[in-house]
Amino acid sequence: PEFIHSDPWRVLRIMGEFVDGFDALAGLGDAVTIFGWARVREGDAMYEATVETARLLGEAGLTIITGGGPGIMQAGNKGARAAGAKSVGLNIELPFEQNVNPYVDIAIEFRYFFVRKTMFVKYAQAFVIFPGGFGTMDELFEALTLIQTGKVQNFPVILFGSAYWQGLIDWLRATMLVEKKIAEPDLDLLVLCDSPEEVRDMIIKSLRERRWRSEHEAAARDVTRQVLSEEGE
C-alpha cells in the first residue's frame, strides 16, 4: 500500500529534477567538472591550487561546474568567477545543511544524488578530481566505468595531487591489475597532474585533438569487450 501512494509520485519528482537540470545547463558549451573535499579551507595549498586551475580553465573559455558547496567546490567556483567564466553549482539537499557558495552564478538544487551525478557528466568534457573522500571516489569510479563501457568518450579524468593519489594508483596496479580485475589499458584512463597549467593544457589538447584520449579509451573498451565475449562463449 505504501508503494502505491509514494513511489509512483516520486518518479515525477525525479523527472522534474532531470527537466530542471537539462533546461538550465543545455547551453553551457564546453565545461569541466571539478570535485574534491568539502572541508578544506581558504588558504590551504590545495584550495588555492583549485582556484588557479579553475581560473586558467575559465580564461581558456571553459565553464566550471562544481557541487556548489564549500571547500574545493567553492575554490572551483571562485576561480571561475575570477576568470569571468560561467560558474555552476549543483548543490545537493542533505540532512545537515550545505549552502551554495557565494561564487556560483548558476545554482541548481537536487534531492537525488543520481540525478545530480548525471548532470556532472552530461554537461562536462572532463573531470578534474582534487583530494577528497567517499563522494569524490564515487564520482571518480563512476566516470571510469562510463568510459570503460563506452557511455562517455574523449573524457579526461585528471587526478590532481600525485602525493594524495599515488597510493590508490599503486593499489590498483598491485592488487586489481595483478588479480585481473582490471587491465593495463584501464589504468591509462587516469592521469596524474600536479600543476594547474598542466591540467589546462591537457584538457585543451583533448578538445582540439580528440584522438588523443579516444585511443586510450578505445583500448580499455576493447579489453572489456574481449573479456565479456570470452565469458559468453
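**View 1. Arg-200 and Asp-201, a pair of neighbours.** Let us start with Asp-201, which is partly exposed, with a relative accessible area of 43%. In this predicted model, the side chain of Asp-201 meets that of Arg-200 in a salt bridge, with 3.0 Å from N to O. Arg-200 is also partly exposed, at 24%. As background, side chains of opposite charge can pair when their charged atoms come close.

**View 2. Helix α8 from end to end.** Helix α8 covers residues 196–208. Its 13 residues should span 18 Å at 1.5 Å a residue, and the C-alpha atoms at its ends are 19 Å apart, so the two values agree. Which residues are buried in α8? They are Pro-196, Val-199, Met-202, Ile-203, Ile-204 and Ser-206.

View 3. In soluble globular proteins, nonpolar side chains tend to be buried together.

**View 4. The surroundings of Val-157.** Setting aside neighbours within four places in sequence, what does Val-157 touch? Its contacts are Phe-127, Ile-129, Leu-140, Ala-143, Leu-144, Ile-147, Leu-189, Leu-190 and Val-191.

**View 5. Asn-91 in strand β3.** Asn-91 sits in strand β3, which runs over residues 87–92. Is Asn-91 buried or exposed? With 2% relative accessibility, Asn-91 counts as buried, because the cut-off for buried is under 20%. Its side chain makes a polar contact of 3.1 Å with the side chain of Glu-109.

**View 6. A salt bridge between Arg-81 and Asp-105.** The closest N and O atoms of this pair are 3.1 Å apart. Arg-81 belongs to helix α3 (residues 72–83), while Asp-105 is in the loop between β3 and β4, so this bridge links distant parts of the chain, 24 residues apart. Arg-81 is partly exposed at 36% relative accessibility, and Asp-105 is partly exposed at 45%.

**View 7. Glu-142 meets Lys-117.** These side chains form a salt bridge of 2.8 Å, N to O. Glu-142 is in helix α5 (residues 134–148) and Lys-117 in helix α4 (residues 113–122), so the pair ties together parts 25 residues apart in sequence. Glu-142 is partly exposed at 31%, whereas Lys-117 is buried at 13%.

Methods: Residues numbered from 1 in each chain as written. Predicted model: local features only at pLDDT ≥ 70, side-chain atom pairs only at ≥ 80, totals over all residues. Heavy atoms only, no water. Helix = DSSP H or I, 4+ residues; strand = E, 2+ residues; numbered from the N terminus. Buried < 20%, exposed > 50% of the residue type's maximum accessible area, 1.4 Å probe, protein only. Polar contact = N/O pair within 3.5 Å; in protein donor to acceptor, adjacent residues only side chain to side chain. Expected span 1.5 Å × (residues − 1). Contact = heavy atoms within 4.5 Å. Salt bridge = Lys/Arg side-chain N within 4 Å of Asp/Glu carboxyl O.
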